[in-house]
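Subject: Structure handover

Hello,

Here is the structure I promised you. Please open it alongside this note.

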Amino acid sequence: QVHMVESGGGLVQAGGSLRLSCAATRITFSRRNIGWFRQAPGKEREFVARITWSTGSTNYADSVKGRFTISKDNAKNTVYLQMNSLKPEDTAVYSCAATVGSLSSVAALTYSRSYNYWGQGTQVTVSS
């Protein structure tokens, strides 16, 4: 079953911007954490950002701090990732994920194993 659907990926030049969306389809984000991860060919999946739905608390990977912003829309049951000042090294497949319950460990929420539900991913390509 499809639980979340990502959209908004595409091809942009370095310095450009994209906004990714993660819409829940068969679950609700209430009492969950929602994270964004990315994976480039031949590389490990890496944490990008996350948000705790109930509190709005956020956390970012050092590589994207100051450039990316994660946010939520309660009415639409959707999480967004605004990506500015994009660099070629940001090129990857971006996936959103949700935990079963609401976790409080900052460290644990950077690990993909902490998330139960995953979307199919959307491709982001940044040219130089």
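A residue is called buried here when its relative accessible area is under 20%. By that cut-off, strand E4 is mostly covered, with six of its seven residues buried. Please keep in mind that this is a predicted model.

**Around E4**

E4 has two partners that I would like you to look at. One is E5: the two strands pair in the antiparallel sense, over six bridges. In that pairing, Phe37 stands opposite Phe47 in E5. E4 and E5 also make a hairpin, with six residues between the strands. Look for Gly42 there, which takes a positive phi near 75°.

The other partner is E9. E4 and E9 are antiparallel too, and six bridges join them. Gly35 has Ala97 in E9 as its bridge partner.

**The four-stranded sheet**

Next, find the open sheet of four strands. Its order is E1-E3-E8-E7, and the pairing is antiparallel. E1 (4-7) and E7 (68-73) are the edge strands, so named because each pairs on one side only. On average, neighbouring strands of this sheet are turned by 15° against each other, direction ignored.

E7 and E8 (residues 78-83) run antiparallel and are joined by six bridges. Two pairs are handy for finding your way. Ile70 stands opposite Leu81 in E8. Asp73 stands opposite Thr78 in E8. These two strands form a hairpin with four residues between them. In the turn, Asn77 has a positive phi of about 50°.

**The core**

In soluble globular proteins, nonpolar side chains tend to be buried together. Here the largest nonpolar core has 35 residues. Which residues have the most contacts inside it? They are Phe29, Trp36, Val79, Leu81, Met83 and Tyr94.

Several strands give two or more residues to this core: E3 (18-24), E4 (33-39), E5 (46-52), E7, E8, E9 (92-98) and E11 (122-127). E9 gives the most, with five residues.

Leaving aside residues up to four places away in sequence, Val79 touches Leu20, Ser21 and Cys22, among others. Its contacts also include Phe29, Ile34 and Trp36. Ile51 and Trp53 are on the list as well, along with Ile70, Ser71 and Lys72.

**The disulfide**

How many disulfides does a search of the whole structure find? It finds one. Cys22 and Cys96 form it, with their sulfur atoms 2.1 Å apart. Cys22 lies in strand E3 and Cys96 in strand E9, so the pair ties together parts that are 74 residues apart in sequence. The torsion about the S-S bond is about 70°, so the disulfide is right-handed.

Are these cysteines buried or exposed? Cys22 counts as buried because its relative accessibility is 0%. Cys96 is buried too, with a relative accessible area of 0%.

**Where to look, in short**

- E4, with E5 and E9 as antiparallel partners.
- The open sheet, in the order E1-E3-E8-E7.
- The Cys22 and Cys96 disulfide.

Best wishes

Technical notes: Residues numbered from 1 in each chain as written. Predicted model: local features only at pLDDT ≥ 70, side-chain atom pairs only at ≥ 80, totals over all residues. Heavy atoms only, no water. Axes fitted to C-alpha atoms, helices over the stretch in contact; angles between N-to-C directions. Core = buried A, V, L, I, M, F, W, Y, C linked by side-chain atoms within 4.5 Å. Buried < 20%, exposed > 50% of the residue type's maximum accessible area, 1.4 Å probe, protein only. Contact = heavy atoms within 4.5 Å. Disulfide = S-S within 2.5 Å.
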